[in-house]
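This briefing concerns the protein shown below.

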Amino acid sequence: MTRGTRLTSIVTLSFVAVLAACSGGGGAPVPAPAVITTQPADQAVVEGTTATFSVVATNATGYQWQRSINGGATFTDVGAATAASYVTPTTTMTDHGTWYRVTVSGAGGSVTSNAAQLTVTAAPVAPAFTAQPASVTVMEGQNATFTVAVTGTPTPTLQWQQSSDGGATWTDVAGATGTTLDVLAVPLSGDGWQYRAVASNAVGTVASGAATLTVQAVPAFTAQPASVTAMEGQNATFTVAVTGAPTPTLQWQQSSDGGATWTDVAGATGTTLDVLAVPLSSDGWQYRAVASNAVGTVASGAATLTVQAVPAFTTQPASVTVMEGQNATFTVAVTGAPTPTLQWQQSTDGGATWTDVAGATGTTLEVLAVAKSSNGWQYRAVASNAAGTTTSAAAILTVPTAPAFVYQPVSTRVTAGQNARFTAIATGTPSPTYQWQQSSDGGATWTDVAGATSASLNLAAVPLTSDGWQYHAVASNVAGTATSSAAVLTVQARSWTVPVLVETNDVGDASDPDVAVDANGDALAVWVQDGDATAAQRLDVWASRSSAGVWGAPTLIETDDTGNAYAPRIAFDASGNALAVWQQNVGGNVSIWANRFASGSWGTASLIGINGVSSQPPRLAIDSLGNALVVWLQVDSSYHIWANRYTAGTGWGTPAAIESNVASAANTPTVAFDASGNAIAVWSQTTGTAGDVWANRYTAGTGWGTATRIEPAAGNAFGAQVAFGAGGSAMATWARTDGAVYSAWASRYAAGVWEAPTLLEVSDTGSAGAPQLAFDSNGNGLAVWSQSNGAINNIWANRYTAGAGWGSAGLLETDNGSFADDPQLGIDGSGNALAIWKQYRPIAYNRYVFGAGWGAPAKVDANLDNQVTINPSLAVDSSGNAVAVWIQSDGTHYNVVASFYK
């Protein structure tokens, strides 16, 4: 029965009921039937909720709800559903499509409602991906496909997205709304891009996982290696550029056989290959790069290394000597890449200009039938290639001519001990060799002079025994031999000149002279002179200069007329300038003063010590640059050694103490320089009960060091002297008493250390005076001193040989009839020495000849026997000439007297 049929029946029944009620008849009233005024309505609910069906009826006495699960074909009562409304249990999807109706009971009869349908809708579910997109690897230009599966209620919509920055940002792929995304003809630039799907419904939105698109490409070289030309020893660089995905690895290879075989270059895996310091042997080698990735392997084109080398002569042309009319051959060997071409050249003007030798392009040049006029011509080869041009050394063609002397040796006259020189010049081609010969028998026989093979013959320190010897030179070459004329050597004995007065001031006495000589043999003497003849006489410092053996007028070199001056000392520098120093009484105290001699004249005296304290005699030394050091004894809190330095071009510095032992008294310092401008000062100093010898070293550029005791033995030491030997070594000498006699001692300084003292003499019968000391340029030294034999004083000497040490002491004079005292010593550049001393009244001397020893003592002037002489001073120049000055009495005054030894 349809829903419309049910409605018609209900209406009909109602109408019949009405009619029955209206009919009378006097019977009991008919009960009114139930009438439904509002039918139950269809219900739609979401799964998991309840549905409520309701009916509105009149005259109702009861209700019974019914349910149909077969589309209304049959209904069954719902137990306990007996109210006007029915609330279903919680619905499930199985309740979808069921029908519900109600039978309403009334006293007048029952009525059944229309059936209402229950619609159950499933509960909404958020989207969920049941299949994620998978990453895809494709070749460049192929398609890539990504797929997802998704659930959700209601059914979600999809939108595919892509990211080119690793997922940082995402953009929609236009039109991509299905479960499958096709990316067509992927480019290499899409490598690494990511893709995802976004699912959305009413419940929410969710994104799938990201899938990565990997785009692969076979390696491809976008820049091929280029061939390189490099110089031998330079670097060669090859470069490629390559694409491919994944990024290809590279391996450079090389081929030394024109590409037939290839070997990997170890470690060469970058886009650039540096071939370091290419050798010439790699010329023509080829290089390529091999690129590989997961997709495949590709080799680049091959590049060729061309190695060039500037031509180099491995054999230079040698000079040739041939006789006139013969052939001369010059040969070279040359390397280079490409192989050089050669062109021989010749020069007829000593190499000033060169011209090509026509057709001479081989490694050997033949000069045919040489003429004498081609003597001295030069030949060279010029090698050229693309790398450059190199010229060989020049070889000389010598066409010999016999020697001929154009300058003959000249006879010469020298003083014994001086050097002699002969010169002979010969022409000839090639230049002749020389051999000097000597004859001691008037030319009857000749012998070679050993080592004398140059145009000049130098004879050092000729002895008197070679007087009259003859010398000639023999010149030789391949063309012949020539002998020069003979020259005669006349050797005359060196002797003292007649003593002369250096000063003629007979008002007062002179005293304490000192002398120095410069490189030219000119001398300067200084001394002290009484200013007048009164009882209050004043002592001044005077000087005189000798040039060519002639003394000039004396010059007063200090002008302080209020006090006496004493003990002047003088020294020359290598430029012929000099310094004089002395002590001078000013205001009751004796200080140190100085004056400089330069450009032929004296300057102005100046104070270089400390004014207001007492000082004792200074000692002076000058180095080769003109710097000077002055040392002296100064009386302050005790007796101390002080020094001041003169710097060439600057002047005097500030005086300073060089020892500071306040508990002892120092005395008599002296100082010397070495060849490097370093200096050593020595002095005697009382420590406790004995006087010892002390020293301090001045280092050029640094200054003075610390005073050091170099003689710590018992007994007093005095008269210390110092001199430098070779290589910065030095020697100090002094006299020391053992309580009975004085002995002469020495100590050597080397490598910064003073050696143990050495006794210079072994005669203990009489006292020895303070030794004087001098060294030659080879480090050999001499010491001389005065020594008593128990009755009289004699002069003794000892020699120090470099590398061997001191020898044995020996007498220089044997005149036991008079006292010998106050020795002075000097050495020349050849190692010869001269000693002078006071022999009672006269001045005596002896000469040491290197290799021969001491000669016989003699007097400087026999006419001085009856005149009193004192204070000798000696200076020796590098040639062995000397000047001596001393004080000599004329019976009334003491004067300065000088004599030259030459």
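**Overall form**

The accessible surface of the protein amounts to about 40200 Å², with 52% of it belonging to carbon and sulfur atoms. The model is a predicted one, and its mean pLDDT is 90.

- The protein contains one helix and 88 strands. Its radius of gyration is 65 Å, well over the 29 Å that the globule rule gives for 902 residues, so the protein is more spread out than a compact globule.
- The C-alpha trace spans about 220 × 95 × 50 Å along the principal axes.
- Of the 902 residues, 45% are buried.
- Among contacts with a separation of 6 or more, 52% join residues 24 or more positions apart.

**Confidence**

- A pLDDT of 70 or more is reached by 95% of the residues.
- Helix H1 (residues 3-22) has the lowest mean pLDDT among the elements, at 37, whereas strand E43 (residues 433-439) has the highest, at 98.
- Over residues 1-26 the pLDDT stays under 50, and the model has eleven contacts beyond four places in sequence for this stretch.

**Salt bridges**

- Six salt bridges are found in a search of the whole structure.
- Asp95 and Arg67 form a salt bridge through their side chains, at 3.4 Å from N to O. Asp95 is in the loop between strand E7 (85-87) and strand E8 (99-105), and Arg67 is in strand E5 (residues 62-68), so the pair ties together parts 28 residues apart in sequence. Asp95 is buried, with a relative accessible area of 14%, while Arg67 is partly exposed at 25%.
- Asp512 and Arg569 also meet in a salt bridge, at 3.5 Å from N to O. Because Asp512 belongs to strand E50 (residues 510-517) and Arg569 to strand E55 (residues 565-572), this pair ties together parts 57 residues apart in sequence. Asp512 is partly exposed, at 21% relative accessible area, and Arg569 is buried, at 17%.
- In the salt bridge between Asp692 and Arg709, the closest N and O atoms are 3.0 Å apart. Asp692 lies in strand E68 (residues 690-699) and Arg709 in strand E70 (residues 708-711), 17 residues apart. Asp692 is buried at 2% relative accessibility, whereas Arg709 is partly exposed at 40%.

**Selected sites**

- Val399, in the loop between strand E38 (395-398) and E39, is buried at 0% relative accessibility. Beyond residues up to four places away in sequence, Val399 touches several residues, including Val322, Met323, Val370 and Thr429.
- Val406, Tyr407, Val410 and Ile425 make a nonpolar surface patch of about 370 Å². Val410 is situated in the loop between strand E39 (401-407) and strand E40 (412-415).

Conventions
Residues numbered from 1 in each chain as written. Predicted model: local features only at pLDDT ≥ 70, side-chain atom pairs only at ≥ 80, totals over all residues. Heavy atoms only, no water. pLDDT = per-residue confidence, 0-100. Helix = DSSP H or I, 4+ residues; strand = E, 2+ residues; numbered from the N terminus. Contact = heavy atoms within 4.5 Å. Patch = residues over 30% accessible without salt bridge, like charges linked within 9 Å, V, L, I, M, F, W, Y side chains within 5 Å. Areas by Shrake-Rupley, 256 points an atom, 1.4 Å probe, with all protein chains shown as cover. Salt bridge = Lys/Arg side-chain N within 4 Å of Asp/Glu carboxyl O. Rg over C-alpha atoms; globule rule 2.2 N^0.38 Å. Buried < 20%, exposed > 50% of the residue type's maximum accessible area, 1.4 Å probe, protein only.
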